[in-house]
Amino acid sequence: MSKSLPYSVKDIHYDNAKFRHRSLFKVITQTLFTSDMRRECVSCSTGKLLGLFMIFGLACLMWTHANKVPSVSDGLAKGTGTDEEPKVVTDVGMKIKKLTRRAPRLPPRLSRNEKGSSGTFNGNKTNEPDEEKWKARQQNVKEAFIHAWSGYRKFAMGSDELMPLSQEGIDDLGGLGATVVDALDTAMIMGLEEVVSEAGSWVESHLLERISQKGQVNLFETTIRVLGGLLSAYHLSGGDQDMNLANKGPKPTVYLDIAKNLADRMLAAFTSSPTAIPFSDVVLSDFSALPSLGGKSSTSEVSTLQLEFNYLSEISGDPKYKTEGMKVLAHFKTLPKVEGLVPIYISPDIVLPWNADHSGEYLFIFFDNLAMKCSPHSGQFIGEEIRLGSRGDSYYEYLIKVWLQLRSIQDGNFTYLYDMHEEAMRGVRHLLVQKTIPNELVFVGELPLGFNGTFSPKMDHLVCFLPGTLALGATKGITKEKAMKNNLLTFEDLENLKLAEDLAKTCFEMYSVTATGLAPEIAYFHTKEYFESGLDGGNKSSEYVNDIVIKQDDRHNLLRPETVESLFVLYRITQDPKYREWGWQIFESFEKYTKVDSGGYTSLDDVTTLPPRRRDKMETFFLAETLKYLYLLFGDHSLMPLDKFVFNTEAHPLPLGGAIYLEGGSNRKGSM
């Protein structure tokens, strides 16, 4: 297991990041007039004469080159922009003073390639034909959403999900019509008023009744999909009175009232638990909750509720939702970690009197005649397995996002969340990042047996959320250009941005290495310690065909959004058009291999063979996340800007209360 960063500082390109080039006068005085050379010249009459000639020559040179035209990079570094008229300096005294003063430190500056990639640098307008191309591609994504919704409406309206091949619905998420609520804000963002009307009317007519009558649901899934969808719909339909993307559908208060009713029932998961860790499941009909079978809760599930509960407290005026949600993260702050990394399971269970002679054993606790094997330590992590894939992923995502949310409304002192985020990202770089053989793709592996165990070169597609999270944590949602111009990036921010771009490249290659151009659910990577032949992705022309290993059981594709989410975030932050091009290639593969003629899109059994075997399922997140992020990736930066909105883990945008940065200065951390 490698415990060092697999790429060095030299891999981060700065374009003269730290110091301005020394002046000619500085070079000469530091080379010719130092140590022994200086003593010899002073004692030699010829040396003195040459020194006088040199000074006279420099004075003449300054006089004849009085007009100095500032460079583009100087303008950016000084914060003057490129439209400012060059100033003529004729005072020789000022010139000498400039030459003799110490060269100041400068913030990192954009390279020439980065300056040219955005299409807007130096006052140049974005290429209009190129923008027309992306508008057309954005329209293609909108049409894909309409096709997906039409299949759901025809065959599964009111069900949680569509089985597009069987042309029927299925309730795998508690029977709350999850696709309706999950897709609603995507339709609002796309301006699809007919869909907004259909979905909104269903919510108004049926959802409250479903909530009051349904039985057991998962706290996490219901929060991120249903509660998150209702809260986003409330804001986008004009609930906060600063935005209204929905001319049709119910009034915003309808969404808010249903959200409060649902959240009041889900609070039982928090209040029923003897610790700060909520139970995993809620019985909506009777306001009760129970732990999962076996007593273990997923770390990601209990720590991915706070954006939604915080925002509900803000708009309802009732602090109880935020209070319960934030208790969880406050508890996580106190738990032991491995360089900021945490195991993927945690116990919400009650602690009982324990005999010291029995340490290391387990207790059996009975809830309603259900025996559960529990850790004897209340609210502690269970096991040592560390990964950023399933059961671990969104814990790391919400650390930075909840910090951004609370910071924006200046509510309390939650800088510990930012500290936890920074520590965790350092732990990722140190313990989990390696490079492949032979082409040095950067990937994030796992520690199945904890810190002292063997490193596993396995990476879930779910881990592809990480590039976006790293980039968001580095610039806080503003562009890299703006952050550099205002000297807002630390060296660690730059390291995280570099890692974000490297990982995004790997996530994209997980798509391009397969026969279908679609990523598997899980990939392994060729390292010095691990390789299996005959398990490539099927695209023999890929440069990385020998770097990525795809096992038989991992070859399915569920229409997941994590890679296109990171492409969207990185495009907004870096303005590099390659992320749009990668997103388009992925979208074309979805269109070619997952589209069902009768309506909807289907997941696949095997992405490495042609034609691919099809599964009979369209996940709700395909409409809520995958198509939404593609639409935003191809659209204008002014739509859902990252410094004004934070997206929950199901891509439901919630508004930030204020600007993340103050112009002309740093507002990086500090107290609220």
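**Close-up views of the predicted model**

**View 1.** Val-217 has Val-282 as its bridge partner in strand E4. E4 (residues 281-283) and E3 are joined by 3 bridges and run antiparallel, where strands (E, at least two residues) and helices (H or I, at least four) are DSSP runs numbered from the N terminus. In this predicted model, local features need pLDDT of at least 70 and side-chain atom pairs count only at pLDDT 80 or more, whereas totals for chains, interfaces and linings use all residues. Residues are numbered from 1 along each chain as its sequence is written, and side-chain values use heavy atoms, with hydrogens and water left out. The order E3-E4-E5 describes an open sheet of 3 strands with antiparallel pairing, two strands being paired if DSSP finds at least two bridges between them. Strand E3 (216-218) and strand E5 (288-290) are the edge strands of this sheet, each pairing on one side only. With direction ignored, neighbouring strands here are turned by 30 degrees against each other on average. Helix H10 (residues 219-236) lies across E3 and E4 and runs at about 70 degrees to E3; such angles run from 0 to 180 degrees between the N-to-C directions of axes, which are lines fitted to C-alpha atoms, for helices over the stretch in contact.

**View 2.** Strands E13, E14 and E15 form, in that order, an open sheet with antiparallel pairing. Strand E13 (458-460) and strand E15 (548-549) stand at the edges with a single partner strand each, so one side of each is left without a neighbour in the sheet. Between E13 and strand E14 (residues 522-525), which run antiparallel, there are 3 bridges. Lys-458 has its bridge partner in E14, namely Tyr-524.

**View 3.** Helix H11 (residues 252-266) packs against helix H14 (residues 306-316) at an angle of about 125 degrees, their axes being 11 Å apart. This angle makes H11 oblique to H14; under 35 degrees counts as roughly parallel, over 145 as roughly antiparallel, 65 to 115 as roughly perpendicular and the rest as oblique. H11 passes H14 in a left-handed crossing, a term used if the near helix is turned anticlockwise from the far one by less than a right angle, right-handed being the clockwise case. On the H11 side the contact (heavy atoms within 4.5 Å) is made by Leu-256, Ala-259, Lys-260, Ala-263 and Met-266, and on the H14 side by Phe-309, Leu-312, Ile-315 and Ser-316. By class, this contact of H11 with H14 has 7 nonpolar, 1 polar and 1 charged residues, with Ala, Val, Leu, Ile, Met, Phe, Trp, Tyr, Cys and Pro counted as nonpolar, Asp, Glu, Lys and Arg as charged, and the others, Gly among them, as polar.

**View 4.** Helix H15 (residues 320-334) and helix H16 (residues 393-408) cross at roughly 125 degrees, with axes that come within 12 Å. H15 and H16 are therefore oblique to each other, and H15 passes H16 in a left-handed crossing. Lys-322, Met-326, Leu-329 and Phe-332 of H15 make the contact with Tyr-395, Val-402 and Leu-406 of H16. The contact of H15 with H16 has, by class, 6 nonpolar, no polar and 1 charged residues.

**View 5.** The axes of helix H21 (residues 562-574) and H23 come within 8 Å and cross at roughly 25 degrees. H21 and H23 are therefore roughly parallel to each other, and the crossing in which H21 passes H23 is left-handed. H21 contributes Val-564, Glu-565, Leu-567, Phe-568, Tyr-571 and Arg-572 to the contact, while H23 contributes Thr-626, Tyr-629, Leu-630, Leu-632 and Leu-633. By class, the contact of H21 with H23 has 8 nonpolar, 1 polar and 2 charged residues.

**View 6.** Ile-437 and Pro-438 are joined by a cis peptide bond, with omega about 5 degrees. Pro-438 lies in the loop between strand E11 (433-435) and strand E12 (442-444). Glu-440, which is also placed in the loop between E11 and E12, has a positive phi of about 60 degrees although it is not a glycine. Most residues other than glycine have a negative phi, and most peptide bonds are trans. A cis peptide bond also joins Leu-610 and Pro-611, where omega is about -10 degrees; Pro-611 lies in the loop between helix H22 (578-593) and helix H23 (620-633).

**View 7.** The average pLDDT of the chain is 83, and 74% of the residues score at least 70, pLDDT being the predictor's confidence in each residue, from 0 to 100. Over residues 351-377 the pLDDT is below 50, and this stretch has 39 contacts in the model beyond near neighbours in sequence. Residues 658-672 likewise have a pLDDT below 50, with 46 contacts in the model beyond near neighbours in sequence. Where pLDDT is low, the predicted coordinates should not be read in detail.
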